[in-house]
Structures are given as C-alpha cells and as structure tokens.
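I opened my notebook to keep track of what I looked up.

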Amino acid sequence: MAAPRRNGWAMPLFMALLVAVPIIEVWILLRVGHAIGGLPTVAILVAEAAVGAWLMKREGSRAWQALRATLGTGRMPATELTDAALVLVGGVLLMLPGFLTDVFGFFFLLPFTRPLARRLVEVFAARQVQRAGVDMDLMRARTSDMTIDGEVVQGETVMEPPSDGQDPPAITGRVL
C-alpha cells in the first residue's frame, strides 16, 4: 500500500516550469533579437555566460573557503552550504542560454543579492521541515552550545571486584 501523498504541489510546479521556462526564454530571445538584431543578442548571451563563468569561479572559491573555515571551527556550516548551493545553481543558470535564467543566475550568484536568495531558501526549507513535523526548537536545543555552571569536584574512580565471583561489568566504581 502506497503512503498517502502530502502536499503534492512541488512536482507539478517543477514540471510546469520545465516546460514553460524554455518557451518564455525563446519568446524573450525573439523579442530582443527583433529589437536589437540577432548578432547583438547572441553577443550579449555569450558575454553573460563568460561573466557568469568568471563569477561562479570567484564566488565558488570564496564559498569553499568559508565552508572550510567553518568546518575548521567545528560549527555547523548551514549558511556556507546554502551559499555553495546557490553559487552552483546560479552558475548553471548563467550558462543556459536565455535572459530569464540569467536574471535568476545573477540573483543567486552576486554577493550582494545572495543573502536575500539564501533567506528565501531558508524560509522555504523551514516550511518544508515544519510540514514534515520536525520540532525545530528541539533541534536547536540539541545542537546549541550548552554549558552548565557549577563547581568542579576532583575525584578518582576505584574498581571494585564483584562479591559473587562473576565477571565484573564493563564499568563500575565509585567516586571518592
């Protein structure tokens, strides 16, 4: 028996975009080509792809360095992973021919617009996690740095032999 589907809007939306985006891109390309000519339109697309490749390389290396630095400190690299994913998606969108995908590619790739894109991804992900029934407050409590203020008492563990002749348990002892 198949599990009931919850919130099945994402796949139909993805499929609709998969069909609609190329049609919209061709329509925009034809309109721009008619307005400024075919050669300038192709030149703009090639220039955008070149700038996108350079920007992806630069921002990708920055995202990688930030990820390594965060992992080196032992913190969870949520922001850095999101940035790396946005740089990758933005670069791919800039490599695709078309003006609509280039707008989204630059939005994901540019360092001054990426924080807004990251925030949108975080809101979307938080909604998906909430719909799945995960308690984020509990997750934050488990992953946050916890310190307990108190007094340190020096002690020593002393192993006691079993009194009934059986093998001793793996861990026994008392604090003196």
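**Entry 1: a salt bridge.** I started with the pair Arg114 and Asp83. They form a salt bridge, and their closest N and O atoms are 4.0 Å apart. I then checked where the two residues sit. Arg114 is in helix 5 and Asp83 is in helix 3 (residues 78-95), so this pair ties together parts that are 31 residues apart in sequence.

I also noted that this is a predicted model.

**Entry 2: buried or exposed?** I looked up the accessibility of both partners. Arg114 has a relative accessible area of 7%, so I wrote it down as buried. Asp83 is buried as well, with a relative accessible area of 12%. The cut-off I used for buried is under 20%.

Entry 3: Glu59 counts as buried because its relative accessibility is 3%.

Entry 4: I stayed with Glu59 and checked its neighbours. Its side chain also meets that of Arg58 in a salt bridge, at 2.8 Å from N to O. Arg58 is partly exposed, since its relative accessible area is 28%.

**Entry 5: the network.** I asked which residues the salt bridges link in a network. My list reads Arg58, Glu59, Arg62, Asp83, Arg114 and Arg118. The count of salt bridges comes to six.

**Entry 6: helix 4 against helix 5.** Two packed helices are described by an angle and a distance between their axes. The axes of helix 4 (residues 99-109) and helix 5 (residues 114-131) come within 6 Å and cross at roughly 95°. That makes the two helices roughly perpendicular.

I then listed the residues that meet. Helix 4 brings Phe107, Phe108 and Leu109. Helix 5 brings Arg114, Leu116, Ala117 and Leu120. By class, I noted six nonpolar residues, no polar ones and one charged.

**Entry 7: helix 1 against helix 2.** I repeated the check on helix 1 (residues 10-36) and helix 2. They pack at an angle of about 125°, and their axes are 7 Å apart. Helix 1 and helix 2 are therefore oblique to each other. From helix 1, the contact uses Leu29, Val32, Gly33 and Ile36. From helix 2, it uses Gly38, Pro40, Thr41, Ile44 and Leu45. This contact has six nonpolar, three polar and no charged residues.

**Entry 8: the whole chain.** From the N terminus on, the order is α-α-α-α-α-α-β-β. The protein has 176 residues, and buried ones make up 18% of them. I also looked at contacts between residues at least 6 apart in sequence. Of these, 50% join residues at least 24 apart.

**Entry 9: confidence.** I ended with the predictor's scores. The average pLDDT is 81, and 74% of the residues score at least 70. Where is confidence lowest, and where is it highest? The lowest mean, 56, is in strand 2 (residues 174-175). The highest, 93, is in helix 4.

Key. Residues numbered from 1 in each chain as written. Predicted model: local features only at pLDDT ≥ 70, side-chain atom pairs only at ≥ 80, totals over all residues. Heavy atoms only, no water. Axes fitted to C-alpha atoms, helices over the stretch in contact; angles between N-to-C directions. Helix = DSSP H or I, 4+ residues; strand = E, 2+ residues; numbered from the N terminus. Parallel < 35°, antiparallel > 145°, perpendicular 65-115°, else oblique. Contact = heavy atoms within 4.5 Å. Nonpolar A, V, L, I, M, F, W, Y, C, P; charged D, E, K, R; others polar. pLDDT = per-residue confidence, 0-100. Buried < 20%, exposed > 50% of the residue type's maximum accessible area, 1.4 Å probe, protein only.
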